[in-house]
Amino acid sequence: MSHPADRTFDAIVLGAGPAGLNAALALGGATRRVLLLDGGPPRNARAEEAHGVFTRDGIVPVQLKAIGLRDLGRYDVTVLDTPAREIRAIGDDFHVRHEHTWSVAPRLLFATGVQDILPRIPGLRERWGHTVHHCPYCDGWPNRDAPLGILGRHQEGHHLALTVRAWTDHVVLFTDGPDELSDEQWEDLRRVGVPVVDTPILRVSGRDTVTLHFRGGDRHTLDALFLNPAQRQNSLLPELLGCEMNDKGRVVVNEHGMTSVRGVWAAGDMTGAPQYVMSAASTGLIAGISLNTTLIHAAVRNLGAAFTKSDDEAGDTQPVNVQ
Ligand SMILES: Cc1cc2nc3c(=O)[nH]c(=O)nc-3n(C[C@H](O)[C@H](O)[C@H](O)COP(=O)(O)OP(=O)(O)OC[C@H]3O[C@@H](n4cnc5c(N)ncnc54)[C@H](O)[C@@H]3O)c2cc1C
């Protein structure tokens with residue numbers, strides 16, 4: 001080994017969003033010595049409120065994270081405000097570099113989330129989480145009955161427009177160029193009273209409303225705009241470590257959150273789990289428990305016991321996609 005390990009843990013959790021915080025909570029509560037690397041704000045940090053969060057509906061996302069961190073305080077969980085930079089698998093352990101330190105553990109749990117890639121329309125990114133949203137279950141209620149726009153083409157625009165239409169009678173689909181809609185999709189939109197505007201959008205402005213500025217000089221002001229952005233992984237580390245990825249760029253896991261690499265789990269948005277706070281927290285819990293179970297089995301096996309459900313068998317579990 002070319003570098004001395006500075007600290008040793010039972011598990012290292014990467015990412016302190018809902019998935020990583022809940023995984024660390026499960027592991028801490030299981031008397032494990034855990035390192036939680038916090039690489040920065042969670043995905044919804046720009047949102048004013050989080051909805052669909054059991055017992056905390058409408059909570060400010062940074063407050064939710066603060067509560068999650070506070071709850072870890074009673075356990076042997078070390079939280080560091082630093083991302084993982086590099087990982088090496090050496091023997092049965094994983095060596096994780098953060099800043100200039102290497103930490104070591106026999107188990108890793110990725111909860112590093114995804115990034116949203118917004119269309120390159122000037123003004124859109126600045127309004128993300130304020131008047132530009134992606135999820136009606138997260139931001140539909142505050143905008144119910146309001147004039148809303150959908151930005152999208154093809155199946156995605158069609159699907160999001162029909163969905164958001166359930167929150168308000170006033171929906172317009174903006175395709176920013178060729179709509180790429182089928183005749184059936186046009187007919188669906190006509191049935192529910194959603195007009196389609198295909199004029200290219202030059203920019204977006206507005207403070208508490210959102211105004212679309214079109215080529216040719218027209219404008220359209222809405223209370224909010226919904227779109228379905230492309231995404232990519234926040235961290236390349238799972239792929240570099242050899243975790244199998246699916247064709248959507250998500251880490252492939254089985255129902256326990258195990259990746260294709262033995263000793264490595266993943267949870268939350270990065271796995272293709274439904275992208276909500278509660279789903280991320282739930283998959284974090286499940287992955288944390290699964291990880292802990294393999295530590296228990298390994299420890300008992302070291303005492304000479306013969307487990308039928310051994311760590312090895314767990315590692316052989318065929319990964320399936322959580323979609
Ligand atoms: C604008 C917006 C509003 C939303 N509103 C809602 C809502 O109202 N209700 C709801 O249920 N859901 C909402 N969501 C979805 C919700 O935010 C996500 O589903 C949830 O945050 C996913 O949790 P996660 O733990 O998987 O990932 P994240 O919350 O993205 O957390 C991942 C963490 O990993 C860290 N990280 C990345 N790389 C590294 C590294 N190398 N080392 C260490 N850490 C690293 C990141 O900095 C981040 O802190 C919203 C999303 C957006 C974008």
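How many Å separate the centres of domain 1 and domain 2, taken over C-alpha atoms? The separation is 35 Å.

This is a predicted model, in which local features need pLDDT of at least 70 and side-chain atom pairs count only at pLDDT 80 or more, whereas totals for chains, interfaces and linings use all residues. Residues are numbered from 1 along each chain as its sequence is written.

**View 1. Domain 1 and domain 2.** Domain 1 comprises 7-115 + 230-313 and domain 2 comprises 119-227, with bounds from an automatic or database domain assignment. Five residues of domain 1 are in contact with six of domain 2 (C-beta atoms, placed from the backbone, within 7 Å).

**View 2. Helix α7, residues 277-302.** Helices are DSSP runs of H or I with at least four residues, strands are runs of E with at least two, and both are numbered from the N terminus. Among the buried residues of α7 are Val277, Ile286, Leu291 and Asn292 (20 or more other C-beta atoms within 10 Å of the residue's own, C-beta atoms being placed from the backbone). Just after α7, glycine 304 takes a positive phi of about 105 degrees.

**View 3. The open sheet β14-β15-β16.** The three strands of this sheet pair in the antiparallel sense (pairing requires at least two DSSP bridges between two strands). β14 (201-205) and β16 (219-222) stand at the edges with a single partner strand each, so one side of each has no neighbour in the sheet. Four bridges join β14 to β15 (residues 210-214), and arginine 203 has histidine 213 of β15 as its bridge partner.

Definitions and conventions
The expected span of a helix is 1.5 Å times one less than its number of residues. A residue is buried if 20 or more other C-beta atoms lie within 10 Å of its own, exposed if 12 or fewer, and partly exposed in between; C-beta atoms are placed from the backbone. Two residues are in contact if their C-beta atoms, placed from the backbone, lie within 7 Å.
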